[in-house]
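Let's take a guided look at a pair of protein chains. Keep the picture open while you read, and try to find each piece as it comes up.

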Amino acid sequence: MSDDQVALSDLELGAVAVIDKICLTPAAQGLLMSFGFLPGADVRLLRRAPHGDPSVYSIGGSEVALRRETARHILISRISPSQERERP
Amino acid sequence: MKSAPTIAAINGSETSSASVPPGMRTVALIGPPNSGKSTLFNRLTRLRQKVGNYPGITVEQRTGLLAGGGKQIKLIDLPGVHGLTPYSEDERVAVEVLTGRMDGIRPDAVLLILDATKLTRQLTLAAPIIALGLPTLVLLNMADLFAKRGGALDVLKLAQELGTPVAFVSAAHGTGLDAVERFLRQDHDRNSVAWLPILQDLPQCQRWATQIGSRVDYRSPLPPAWTRRLDDVLLHRVWGLLIFALLVTGVFQAVFALGQPMSAAFQDTLTALGEHLTRSVPAGLLRSLLLDGLWKGVGSVLIFLPQILLLFFFIAVLEDSGYLARAALIADRTMRSAGLNGKAFIPLLSAYACAVPAIMATRTIENKRDRLATILIAPLMTCSARLPIYTLLIAAFIPDRPIIGVLLSSRACAMLLLYIVGFLAAVATAKILKSSILRSAAEPFVLELPEYRWPTWQAVGLRLVDRGRVFLFQAGTVILAVSLVLCALTHLPLQHGHLPQLDQSAVARVGHFIEPSLRPLGFNWKIGIGLLTSVVAREVIVGALGTIYGVDPTTQSMTLQNALRHDLAPAGAMALLVFFAFAMQCTSTLAVVRRETNSWKWPLVQFTYMTGLAYAAAFMVNQVLSRLLK
């Protein structure tokens, strides 16, 4: 895992990352967690909506859309392509 | 389905027991949103229940009796939940029922339905549900998709890990359901599941679920290739928007281009039928009452059945296929500019059908103020009850000309404009509310995009039958009653023992009394009476006008369209359309707002605001157009 910590909203199209921390209110955190946005979970940016926002992420086998204003508060660690290949 | 339906029994948990009382048993059906609960519920009960490929369709618990089987078993369909910590009103309902805190309902057993294709995530719900200690059957739904896309898991091991029976099912195709029957026929101990870790927070549940997943050799299925490929087009920055626009206009064009001839044919049939039925009645007062008053009143509303069913058909197909979630994604920017929660899109969209279920669907919105704002604007969305008066006036006053070839005619365009006007009014109202009395912190917008599925004829058909039945019931009761009363009042009071002229009747007196306040809008007294009756429900005005113009000797021989053209100036007709776009004429909606907000304050505010808005807008339209069209 690389040490550069960035927000989920900075992820490039198609890239995979691991969620580190969600910096939102407990209620908002709970809501996000129920959709699979948990620390340690893998997340991939699948596509952006036609207007560029929200973005669609692949997480835990489903596709979930988040606005940039929310994704900004989810901190991630990028996974380099070589590390990605090693993951199951 | 490729994988055979399996049921894994667990040692000890299926021993017969006398602790379960005979007779009526209650079974709760629970699962995460969009896991297929309602489809399964329909399968098991054959009760008509709305199913959509969209999270948040079931907002109230529904009950039905299990079809077939000797024992009478009551099945409760609960709203989708992610966990047992409620974040929204609908989750709270589910939790209260399950924990026995809801009055009069206490489930004896639980059917937990999980989407097999997303098992590691959905399994997080299993821990708190099984920990409730009720006999539980875990159903792994979408077994067909799971197998087709290369997913695999050891069901026996999973049953062992969970301590409950587990079965693969496909609710959509009805396979594997014998497992449910077998489970329900057995008696179960309410024995404790003390071995299960009590997991309070989600990260812990998730870790537990991941562990279970690896222990049962869960192999997650490949991502849905077709859904991804379709979304490459349907969510494309150019094509996606184009297709969205085409679909919306296409639906309106189809409702007109296909619906109009169907309605016309239906009208001819109804007219012929009416004459045939009253042939045995001697010409005279009674016949005129029956044919011109009642039959014309009820019939003038009935003929819109084909168009309403067409609209519902398109909504059902878009919803069941999974496209609506994409539409919500595309529309999110507009929602946000109004300061609305993205989740408001779901209820607002269903408000195109009817505001009543839409207002109930606002229970999925976690934030109280956001929810209230959505409730208050929902009736401004163009519901299907406006369709009869819109179609009638548009067909009567707007000539049919192509605007974009066969794609869009002037009439469909006028209809589309009315829908847009209603939508803009809703958005503007929301903006005002959200920046003043209902200001609140932003709630995150989280939207799951379901896989695309083929809508089944059965699901779409059931919804059309349901809708048709509601419409016919309304026509057979409310509209019939209003027509009857109006018809009587047009023939009263008797003058020197003779029937009065229409202008001297009780109806006309009331009409003339309110006419001065409506004249600035371009409405005459007959429209005024129609407006009064439509306070009950919007479509009633068409029935009322059908009766009044049917009784009036000068317009008796005309169709309602021609009668209106004869009696109403074009500017007044346009003002009437705009009036209907904004006015709050629906007692059912007012009642549901009162119930959901728990006070008379909000329905009163809503009624006053919308009627005021309608009056002002109709006034402006009439004043401007009557000068322009001179």
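What follows is a short tour, grouped by topic.

Keep in mind that this is a predicted model. In it, 31 residues of chain B are in contact with 29 residues of chain A. We'll begin with chain A, cross over to chain B, and then look inside chain B.

**Chain A at a glance**

- Chain A has 3 helices and 6 strands, and reading from the N terminus they come in the order β-β-α-β-β-β-α-β-α.
- Of the 88 residues in chain A, 43% count as buried.
- Take the contacts in chain A between residues at least 6 apart in sequence: 59% of them join residues at least 24 apart.

**A hairpin in chain A**

- Strand 4 (residues 55-59) of chain A pairs with strand 5 of chain A in the antiparallel sense, over 5 bridges. One pair to look for is A:Tyr57 with its bridge partner A:Val64.
- The hairpin made by these two strands has 2 residues between them, and A:Gly60 there takes a positive phi near 55°.
- A cis peptide bond joins A:Asp53 to A:Pro54, with omega about 0°.
- Most peptide bonds are trans.

**Where the two chains meet**

- How many bridges join strand 5 (residues 62-66) of chain A to strand 10 of chain B? There are 4, and the two strands run antiparallel.
- Within this pairing, A:Glu63 has B:Leu449 as its bridge partner, while A:Ala65 has B:Leu447.
- Strand 5 of chain A is mostly covered, with 5 of its 5 residues buried. A:Ser62, A:Val64 and A:Leu66 are on one side, A:Glu63 and A:Ala65 are on the other, and both faces are covered.
- On the chain B side, strand 10 (446-449) is one of the elements giving two or more residues to the contact; the others are helix 3 (119-122), helix 8 (202-215), helix 10 (239-257) and helix 14 (323-337).
- Sorted by class, that side of chain B has 14 nonpolar, 9 polar and 8 charged residues.

- The largest nonpolar core has 208 residues. Those with the most contacts inside it are B:Leu29, B:Ile30, B:Leu112, B:Leu140, B:Leu576, B:Leu577 and B:Phe579.
- Which helix gives the most to this core? That would be helix 25 (residues 570-582) of chain B, with 11 residues.
- Domain 1 (7-215) and domain 2 (463-628) of chain B both give residues to the core, so the core lies between them.
- In soluble globular proteins, nonpolar side chains tend to be buried together.
- Leaving out residues up to four places away in sequence, B:Leu577 touches B:Tyr390, B:Leu393 and B:Leu418.
- Strand 2 of chain B and strand 5 (residues 109-115) of chain B run parallel and pair over 4 bridges.
- Strand 2 (residues 25-30) of chain B is joined to strand 4 (residues 73-77) of chain B as well, by 5 bridges and again in parallel. Here B:Arg25 has B:Ile73 as its bridge partner.

**Helices in chain B**

- Helix 22 (residues 525-533) of chain B is mostly covered, with 8 of its 9 residues buried. Among the buried ones are B:Trp525, B:Lys526 and B:Ile527.
- What covers these buried residues includes helix 20 (457-490), helix 21 (506-518), helix 23 (540-551), helix 24 (560-567) and helix 25 of chain B.
- Helix 11 (residues 259-277) and helix 13 (residues 305-321) of chain B pack at an angle of about 145°, with their axes 8 Å apart.
- From helix 11 of chain B come B:Gly259, B:Met262, B:Ser263 and B:Phe266, meeting B:Leu305, B:Pro306, B:Gln307 and B:Leu310 in helix 13 of chain B. The residues of this contact are 5 nonpolar, 3 polar and no charged.

- Most residues other than glycine have a negative phi.
- B:Asp217 isn't a glycine, yet has a positive phi of about 55°. B:Asp217 lies in the loop between helix 8 and helix 9 (225-234) of chain B.
- Is B:Asp217 buried or exposed? B:Asp217 is exposed, with 11 other C-beta atoms within 10 Å.
- B:Asn598, also not a glycine, has a positive phi of about 65°. B:Asn598 is in the loop between helix 26 (587-597) and helix 27 (601-628) of chain B, and is exposed, with 8 other C-beta atoms within 10 Å.

Definitions and conventions. Residues are numbered from 1 along each chain as its sequence is written. Chains are lettered from A and ligands numbered from 1 in the order in which they are written. This is a predicted model: local features need pLDDT of at least 70, side-chain atom pairs count only at pLDDT 80 or more; totals for chains, interfaces and linings use all residues. Axes are lines fitted to C-alpha atoms, for helices over the stretch in contact, and angles run from 0 to 180 degrees between N-to-C directions. Two residues are in contact if their C-beta atoms, placed from the backbone, lie within 7 Å. Ala, Val, Leu, Ile, Met, Phe, Trp, Tyr, Cys and Pro count as nonpolar, Asp, Glu, Lys and Arg as charged, and the others, Gly among them, as polar. A nonpolar core is a set of buried Ala, Val, Leu, Ile, Met, Phe, Trp, Tyr and Cys residues joined through C-beta atoms within 7 Å. A residue is buried if 20 or more other C-beta atoms lie within 10 Å of its own, exposed if 12 or fewer, and partly exposed in between; C-beta atoms are placed from the backbone. Domain bounds come from an automatic or database domain assignment. Two strands pair if DSSP finds at least two bridges between them.
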